[in-house]
Amino acid sequence: MTNVAFIGLGIMGAPMSVHLQRGGFAVTGYDLVPGATDRLVAAGGRAAGSLAEAVAEADVIALMVPDSPDVEAVLTGPAGVLALGRPGALIIDFSTIRPDVTMALAAQAHQAGFRILDAPVSGGQPGAEQATLSIMVGGTADDFEAARAIFELVGRTIVLVGPNGAGQTVKAANQLIVAANIEALAEALIFLEAYGVDLTAAVEVLGGGLAGSAVLNQKAAKMTARDFQPGFRIDLHHKDMGIVQAAARQAGLALPLGALVAQLVAAVKAQGDGQLDHSALFRGVQRLCGLAPTTD
Ligand code: NAD
């Protein structure tokens, strides 16, 4: 059996760690929040009281923490994985962070004798729960093959997209598409409601045509039920639109729809909805239309 340390057991990390434990790996979880490891422990895994304890015996160190500074905090410094872990271990960073930070951390990890992959995911909480995530991987082909058994326990579409950093660049593109899609769906549903159309019928027929999408399948029902429990928090999508905008600027690109949707996400966050699911872009459209934003 391979020992896996899993760092960050929130909405995504908790179910992913459970899939790895049930799939035959010996998983030790560590999270800043006590109790976050409860699901893993109930599935037969172990909870570590410190990062040092979690990574001491680990062959694979998986991360699923919110943002670039969190990944830097876990990996670097005297109390980080690169100082505490076993050189030769394979680090798999499932978090969504800045591509430039990923590339800098990969260089540091290689220098310290570690192998590392960026492996951000898409598919949301349902994808994590059902082990059907899309995983966009940056790194070497050898490390990708070494991680394949892990990826296959949490994902369904698993693709090596290039060297370190490429996974994060593809994920940034993913977040641009998803945000624009959610905003369009929210506007379409408000439009349909204004005309008194049967929303169940409308969503069914839209789903069968070119407007059909994973966003429509996962988010239309949440919007019509005014259920904005996360899921994927607006705060995290705000972070991701910042990544898209900074990377686009660095490449000298104009992405006008991305810039507009980034502002709409920022507005929803500024109105106090940062902890809600990103389907709460619907509430932003309600406000723009002079409608009272609603929740269930
Ligand atoms: P979350 O906030 O639910 O979970 C993150 C966990 O990491 C928390 O439990 C937190 O306590 C822990 N953590 C933070 N810093 C830590 C540290 N230094 N050491 C140990 N634990 C630490 O977030 P989430 O929704 O699970 O998202 C995690 C990552 O996955 C983010 O980068 C997000 O953008 C990405 N993501 C989320 C979704 C989704 O639908 N929620 C989908 C795809 C990708």
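**Cavity, pocket, ligand, backbone**

Modeller: E6 contributes three residues to the lining of the largest cavity, the largest share of any element. The model is predicted, so local features need pLDDT of at least 70 and side-chain atom pairs pLDDT 80 or more, whereas totals for chains, interfaces and linings use all residues. Residues are numbered from 1 along each chain as its sequence is written, and side-chain values use heavy atoms, without hydrogens or water.

Biologist: How many cavities are there of 30 Å³ or more, and what volume has the largest cavity?

Modeller: On a 1 Å grid over the protein atoms alone, a cavity is a set of points where a 1.4 Å probe fits but cannot get out; lining residues have an atom within 4 Å of a point. Points are joined across faces, edges and corners, and the volume is the space filled by probe spheres set on them. Here there is one cavity of 30 Å³ or more, and the largest has a volume of about 70 Å³. Its lining consists of Val71, Leu75, Asp93, Ile97, Thr102, Leu105, Ile116, Leu117, Asp118 and Asn164. Helix H4 (68–75), helix H6 (99–111) and strand E6 (115–118) each give two or more of these residues. Helices (H or I, at least four residues) and strands (E, at least two) are DSSP runs, numbered from the N terminus.

Biologist: How do the residues of this lining divide by class?

Modeller: Six are nonpolar, two polar and two charged. Ala, Val, Leu, Ile, Met, Phe, Trp, Tyr, Cys and Pro count as nonpolar, Asp, Glu, Lys and Arg as charged, and the others, Gly among them, as polar.

Biologist: Which residues line the second largest pocket?

Modeller: A pocket is an open set of points with protein on both sides within 12 Å along at least five of seven lines. The second largest pocket holds about 160 Å³ of space. Its lining comprises Pro99, Thr169, Ala172, Ala173, Leu176, Val244, Ala247, Ala248, Ala251, Leu253 and Leu255.

Biologist: Which residues are closest to the ligand?

Modeller: A residue is near a molecule if one of its heavy atoms lies within 4 Å of it. The ligand is surrounded by 24 residues, with Ile11, Asp31, Pro66, Arg233 and Lys239 the closest. Helix H7 (124–130) and H12 each supply at least two residues of this shell. The shell has 13 nonpolar, seven polar and four charged residues. Domain 1 (3–163) and domain 2 (169–288) each give at least three residues to the shell; these bounds come from an automatic or database domain assignment.

Biologist: Where is a peptide bond cis, and which residue other than glycine has a positive phi?

Modeller: Most residues other than glycine have a negative phi, and most peptide bonds are trans. The bond from Pro230 to Gly231 is cis, with omega near 5 degrees, and Gly231 lies in the loop between helix H11 (214–224) and H12. Ala131 has a positive phi, near 55 degrees, and lies in the loop between H7 and strand E8 (133–138).
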